[in-house]
Each structure stands twice: as C-alpha cells, then as structure tokens.
Amino acid sequence: MNALAHDGTAVVGRHLRRIAHAPAITVMTQTMPVVFLLFFGYVFGSAVAMPGADYRAFLVPGLLVATAANGVMTGMFTAAQDSHRGVMDRFRTLPMSRAAVPLGQAVADLLTAAVGMVPLLLVGLAMGWRIEGGPLRAAGAFGLLLLFRFATTWVGILLGLASRSEEAAGQLGGATFMLPLLSNAYIPAEGMPGWLRAVAEWNPISAVTTAVRDLFGNAPVPADAAWPVAHPVAGAVAWSLVLLALAAPAAVRRYARPEG
C-alpha cells in the first residue's frame with residue numbers, strides 16, 4: 001500500500017506537469033460546457049418550457065454532469081497516447097506498483113476536473129443559477145460529481161489501453177459527446193417518446209444529473225421515472241460504483257498484461 005501511494009503520487013505529478021505543458025484537450029473539455037451554457041441558456045432558454053423551474057437552473061447541473069462524463073474522453077485519449085508512444089512500456093520496466101500508473105492518471109484527471117468545474121459554476125452564477133438546497137446537500141452534489149468523474153475516467157483508461165491506435169481512441173472519445181444527448185442533461189426526459197425515454201432514464205448520466213439537481217434544489221425528481229432516476233442519489237452512487245468495479249480492475253489488468 002505504501003508503494004502504491006508513493007508511486008501513484010509520482011504518476012499524479014507527472015500527469016499534472018503534462019497537462020500544464022500541453023493543456024489543449026483539458027481546455028477543450030472544460031470550456032465546451034461553458035460555451036454550451038451560454039448558447040443553450042440564451043439562445044434556447046426562452047424557448048424551452050420548464051413548468052415550475054427556470055431552464056438555466058435546470059441546465060447548469062446537467063452541464064456539470066456532462067463535464068464529469070467527459071472523463072471517458074480524457075482518460076481514453078491520455079491512456080492511448082501513453083500506450084502507443086511507449087510510455088507505458090517504460091513504466092513497466094520500473095520497480096513500481098502496477099496499479100500506480102492508471103490510478104495516478106485517474107487521480108490527476110479528477111483534480112484537474114475539480115478545478116475545471118469552477119468556470120462553469122461562476123458563469124452559471126452570473127446567469128442567475130443558484131444553489132437552493134443548503135450547504136450539506138450541495139456538498140453531496142459535488143461529491144457525486146467527483147465520484148462519477150472518477151468512475152468515467154477509469155472507463156476511459158480501460159478503453160484507451162485497449163485501443164489499437166491514438167487515432168481510434170480520439171475518434172471514439174469524440175463520439176462520447178453524444179452520451180449527454182441521450183439523457184436528461186439538457187432537456188427533461190418526460191417529453192421524449194417512450195422508447196427514447198427508457199434509454200435516457202437508464203443512462204447513468206440521467207441518474208447523476210437528477211441527483212445533482214435534487215441536491216442543489218434546482219428541480220424536483222420526475223414522477224413515474226425508471227428506478228435510477230426515481231431514486232437518483234442511490235442510482236447515481238450505484239452506477240458510479242458499478243462502473244468503478246468493472247473498469248478499474250480491468251484497466252489495471254490490461255496495463256499489467258497489455259497483450260492479454
């Protein structure tokens with residue numbers, strides 16, 4: 001455990017320095033939600049009917065969760081880059097914990113994402129969004145966002161290690177922008193056709209988004225929704241833990257045995 005902590009801390013430092021020297025993908029994934037907030041909030045805000053709620057207050061939590069879900073893309077691209085440029089091979093020759101390399105990447109991504117959410121929060125506050133649920137519930141919302149980001153980053157790391165090339169990882173990572181569109185992050189799922197609503201409500205992003213909205217006090221829990229959305233906090237935690245339980249051990253095994 002001491003070796004894992006020591007080696008993992010070293011890998012975290014390496015990734016943070018890397019982000020500082022080549023921040024393009026991090027800047028893109030952190031600024032796009034701000035652009036979406038301004039675009040959707042001002043262009044579509046007056047056109048979207050939200051009974052009992054303001055659309056911008058509805059939108060900010062959804063964009064926070066979409067930012068957390070971007071862990072799939074950043075984790076995939078970074079892991080694929082290190083894997084196909086020989087960095088992982090060099091790490092494997094060192095006397096260090098096998099779990100330290102993917103864990104260090106995941107922790108570094110989590111720290112970066114936590115800082116990257118600040119501009120979105122500030123812009124949201126400037127546009128009139130407010131936290132209505134009290135400090136403890138707000139802390140729970142931020143905790144869920146970070147837990148989901150950590151889980152999605154591990155999914156991305158696994159996919160990046162399994163990718164055949166950097167280009168393939170980049171193309172697949174770009175496709176993950178579609179995931180929030182198949183959820184209730186931007187619009188309520190209640191108005192969707194039945195089959196699409198079922199898809200959206202069983203999307204992990206929808207459970208986390210509903211939980212964050214509920215904890216922030218921005219929108220009530222929808223009635224007659226699928227279980228993860230009807231019980232959003234439990235659903236959000238369950239989805240995050242399932243993703244972690246599946247992706248983290250598989251990513252460590254893939255790193256340790258790249259040809260497996």
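The legends below describe close-up views of a predicted model. Residues are numbered from 1 along each chain as its sequence is written, side-chain values use heavy atoms without hydrogens or water, and local features need pLDDT of at least 70, side-chain atom pairs pLDDT 80 or more, while totals for chains, interfaces and linings use all residues.

View 1. Residues 229-252 are 96% helix and 0% strand, with end C-alpha atoms 31 Å apart. Residues 168-187 are 40% helix and 0% strand, and their end C-alpha atoms lie 30 Å apart. Helices (H or I, at least four residues) and strands (E, at least two) are DSSP runs, numbered from the N terminus.

**View 2. Helix α6 (residues 100-126) against helix α7 (residues 135-162).** The two helices pack at an angle of about 135°, with their axes 9 Å apart; axes are lines fitted to C-alpha atoms, for helices over the stretch in contact, and angles run from 0 to 180 degrees between N-to-C directions. α6 and α7 are therefore oblique to each other, given that angles under 35 degrees count as roughly parallel, over 145 as roughly antiparallel, 65 to 115 as roughly perpendicular and the rest as oblique. Residues making the contact include Leu103, Leu110 and Met117 of α6 and Phe142, Phe150 and Trp154 of α7. Contact means heavy atoms within 4.5 Å.

**View 3. Helix α1 (residues 2-21) packed with α6.** Here the angle is about 50° and the axes are 7 Å apart, which makes α1 oblique to α6. Among the residues in this contact are Leu4, Val11, His15 and Ile19 of α1, together with Val101, Gly104, Ala108 and Thr112 of α6.

**View 4. The two sides of helix α8 (residues 166-175).** Glu166, Ala169 and Gly173 are the buried residues of α8; buried means under 20% relative accessible area, exposed over 50% and partly exposed in between, with a 1.4 Å probe and protein chains only. Seen down the axis, these residues fall within an arc of 60°, so they line one face of the helix; the arc is that of the directions from the helix axis to the C-beta atoms. An α-helix has 3.6 residues a turn, so residues three or four places apart point the same way. The face turned away from the buried side carries the exposed residues Glu167 and Gln171. The buried residues of α8 pack against α4 (71-84).

**View 5. Gln81 in helix α4.** Gln81 has 14% relative accessibility and counts as buried. With neighbours within four places in sequence left aside, Gln81 is in contact with Arg18 and Glu166.

**View 6. The buried side of helix α9 (residues 194-201).** Arg197, Ala200 and Glu201 are the buried residues of this helix. They cover an arc of only 90° around the axis, which puts them on the same side of α9. Their cover includes α10 and α11.

**View 7. Asp224 in a loop.** Asp224 is found between α10 (204-216) and α11 (227-230). The phi of Asp224 is near 55°, a positive value in a residue other than glycine. Asp224 is exposed, with a relative accessible area of 76%.
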